[in-house]
Amino acid sequence: MAEVAEETPAAVSKESAAGTPAVKTVELRKRFGRTVALAGLTMTVPRGEVFGFLGPNGAGKTTAVKLLLGLLTPTSGEGWLLGRRIGDLGARRRIGYLPELFRYQSWLTASEVLALHCELAPLARSSWKDEIRSVLETVGLTERAGDKVGTFSKGMQQRLGLGAALLGEPDLVFLDEPTSALDPVGRHDVRAIIRGLASRGTAVFLNSHLLSEVEQVCDRVAVVDHGRVIAEGTMDQLLGGTAVRVRATGLAQADKNKLLSFGRIDDEGDQLTFASLDPERVPELVGEIVAMGGRVYEVAPRHQTLEDRFLQLLEDEEK
Amino acid sequence: MTLPPFLVIARLTIQEASRRRLLLALLILTLLVVGFSAWGFNKITTLTRGDGTPLPPDQVALLTSQLLIVVTFMYSGVLALSAAVVAGPLISSEVESGLLLSMLARPVRRSEVVIGKWLGLAALVAIYAAFAGTAELAAVDWATGYLPPHPVELIAFVAAEGLILLSVGLLLSTRLSGITAGVIALVAWLMAWIAGVVGDIGTGLQNQALENVGVVSHLVLPSDGLWRGAIYAMEPDTLITAMKALGTAGRANPFAATEPPPAEFLVWVVAWFGIVLTLSILSFRTREI
């Protein structure tokens, strides 16, 4: 663990203004024994961007965040947060973090937990009261400010963790599966909070396997699988194609296999979704199904969703 | 003005013990023990010999000093046990639960976490030793009129023994689960005590090999050596003179000491704390969270 001498907050903010990216990594690798958790991560997240880090469970998303925060030591490679090398204490002054495994002192009240984080951040004592009040309001815990965390539901604890990550208007916020314990209302609130962060110029690094969440708030997305980034780009770049949903009966499995020449199929019985198909080929596809003896009830071309693209990417990766 | 992180963490450790009612439980239990032992010590003063005459004061003092050593052994045991059980999960449980994740993502060094937790718990151990020791000695003084010759040293030695167990528990806690760390620390404490007894037997029999077992154990885990210091602080001069007259055989007793701990040993204890704390920091620094 690299631990360097502390520097004054003034020095940090001076550097923050220097226009370095929020996150930059070069071939960051992490191995646990013989398991490769992260196999050479190279990426850049500009300041102020909402960046979605997307991948199935066990893809290496949490490992990446922990490496960036200095909680794990990389096996090789380099990384910088707000222009400072990872592991540098100074960089962590301007960062908020909601861990995937969120847990706060059950014997403290919500306000006391936030005060503790103000103290460790460290924020000027005179600003604590306003910071805590504003953060509690943002995450909807004002009413429970004086209650012990031990009496909170999982969802409320996650809200509290999100609140702690927002203290002191950080330049970069890491949210690791921030809605895992939240109900639909809570998820909606979190999306609003992320948009709020983006509007005031805070970069957000959002780890998630919830595609709709990422699709709705992120400027840019990287898809990670087996510890490697398999696709990266803006939502438009990533979701360039068209998906076509066909409702047809009378198709045997062998027929469906023949239809693979039209690209990857998400097969849900009578519902077949062609994840990426040029709209020009739709008449050809329908002709083929009819020729096989299939009866077509509905053909609906639509923009590819992140889910279509995500499944396609993971499948391509398997091949 | 914000506190440095290690003091924030020390305060948090004390706050946790207090909010979880550990301090209250210890306070009530200690007052109960002090009450019972005061009653028991008082009984010594009413003992009579076979012919119905009361015991002379020097015999009352001797009996009281011996009983006080046994009672203190219980206190030191409770303190060592509590320190080991509380220190064992101090870091590991917070790593496992994820409690440390959000705190270590702040500009906080790992060393500050270790030192803060050590300081917080050390303050509790010292305060408890001072409180329980003062209460017990005051009760004994009230009941029998006997006060051990070196009460301050006695409390200091008992507290130091607790700190040893706290440090071992904390070191193990940087790598092992709470239960494992606590159990290992406890077993080590008992083994050190037994090794001390073996060393005594070696002294009694003038067997160098057995004597060395005691010496080595006092260096590796100084808890028993400190316990001997506590015993010495409780013994009246008459007893020490009598034991010295017995020669080496007088030393072969785990509840007796004829000499105070040598200055070199006390210096080693200070160095031992430094070494174990440094090892704890190094171990936690490379721990992957």
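**View 1. The four-stranded open sheet of chain A in the predicted model.** In this predicted model, 4 strands of chain A form an open sheet in the order β12-β13-β11-β14, and the pairing is antiparallel. The edge strands are β12 (265-268) and β14 of chain A, each of which pairs on one side only, and from one strand to the next the twist averages 15 degrees. Between β12(A) and β13(A), which run antiparallel, there are 4 bridges, and A:Asp266 stands opposite A:Thr273 in β13(A). Helix α10 (residues 282-291) of chain A packs on this sheet, where it touches β11 and β14 of chain A, and its direction makes about 155 degrees with that of β14(A).

**View 2. Strand β11 of chain A and its two partners.** Strand β11 (residues 242-249) of chain A pairs with strand β14 (residues 295-303) of chain A in the antiparallel sense over 8 bridges, and within β14(A) the bridge partner of A:Val246 is A:Val299. Strand β13 (residues 271-274) of chain A is joined to β11(A) by 4 bridges, again with an antiparallel run, and here A:Arg247 stands opposite A:Gln271 in β13(A).

**View 3. The six-stranded open sheet of chain A.** The order of the 6 strands in this open sheet of chain A is β6-β7-β8-β3-β9-β10, and the pairing is mixed. Because β6 (95-98) and β10 (228-234) of chain A stand at the edges with a single partner strand each, one side of each is left without a neighbour in the sheet. The twist averages 15 degrees from one strand to the next.

View 4. Strand β3 (residues 50-54) of chain A and strand β9 (residues 220-225) of chain A run parallel and are joined by 4 bridges, with A:Phe53 opposite A:Ala222 in β9(A). Helix α6 (residues 184-199) of chain A packs on the sheet and touches β3, β7 and β8 (203-208) of chain A, its direction making about 150 degrees with that of β8(A). Helix α5 (residues 154-166) of chain A lies across β6 and β7 (172-176) of chain A, and runs at about 170 degrees to β6(A).

**View 5. Nonpolar cores around A:Leu206 and elsewhere.** The largest nonpolar core holds 148 residues, of which A:Val204, A:Phe205, A:Leu206 and B:Val125 touch the most other members. With its neighbours within four places in sequence left aside, A:Leu206 is in contact with A:Val50, A:Phe51, A:Gly52, A:Phe53, A:Leu175, A:Ile194, A:Val214 and A:Cys218. A second, separate core has 13 residues, including A:Val246, A:Leu272, A:Leu285 and A:Ile289.

**View 6. The packing of helices α3 and α10 of chain B.** Helix α3 (residues 57-87) of chain B and helix α10 (residues 223-234) of chain B pack at an angle of about 150 degrees, their axes being 10 Å apart, and the crossing of α3(B) and α10(B) is right-handed. From α3(B), B:Ser65, B:Leu68, B:Ile69, B:Thr72, B:Ser76 and B:Ala80 meet B:Ser223, B:Trp227, B:Ala230, B:Ile231 and B:Met234 of α10(B). Sorted by class, this contact of α3(B) with α10(B) has 7 nonpolar, 4 polar and no charged residues.

**View 7. The contact between chains A and B.** Chain B contributes 26 residues to the contact and chain A contributes 29 residues. On the side of chain B that touches chain A, the elements that give two or more residues are α1 (5-19) and α5 (99-104) of chain B. By class, that side of chain B has 13 nonpolar, 5 polar and 8 charged residues.

Notes
Residues are numbered from 1 along each chain as its sequence is written. Chains are lettered from A and ligands numbered from 1 in the order in which they are written. This is a predicted model: local features need pLDDT of at least 70, side-chain atom pairs count only at pLDDT 80 or more; totals for chains, interfaces and linings use all residues. A nonpolar core is a set of buried Ala, Val, Leu, Ile, Met, Phe, Trp, Tyr and Cys residues joined through C-beta atoms within 7 Å. A residue is buried if 20 or more other C-beta atoms lie within 10 Å of its own, exposed if 12 or fewer, and partly exposed in between; C-beta atoms are placed from the backbone. Two residues are in contact if their C-beta atoms, placed from the backbone, lie within 7 Å. Ala, Val, Leu, Ile, Met, Phe, Trp, Tyr, Cys and Pro count as nonpolar, Asp, Glu, Lys and Arg as charged, and the others, Gly among them, as polar. Two strands pair if DSSP finds at least two bridges between them. Axes are lines fitted to C-alpha atoms, for helices over the stretch in contact, and angles run from 0 to 180 degrees between N-to-C directions. A crossing is left-handed if the near helix is turned anticlockwise from the far one by less than a right angle, and right-handed if clockwise.
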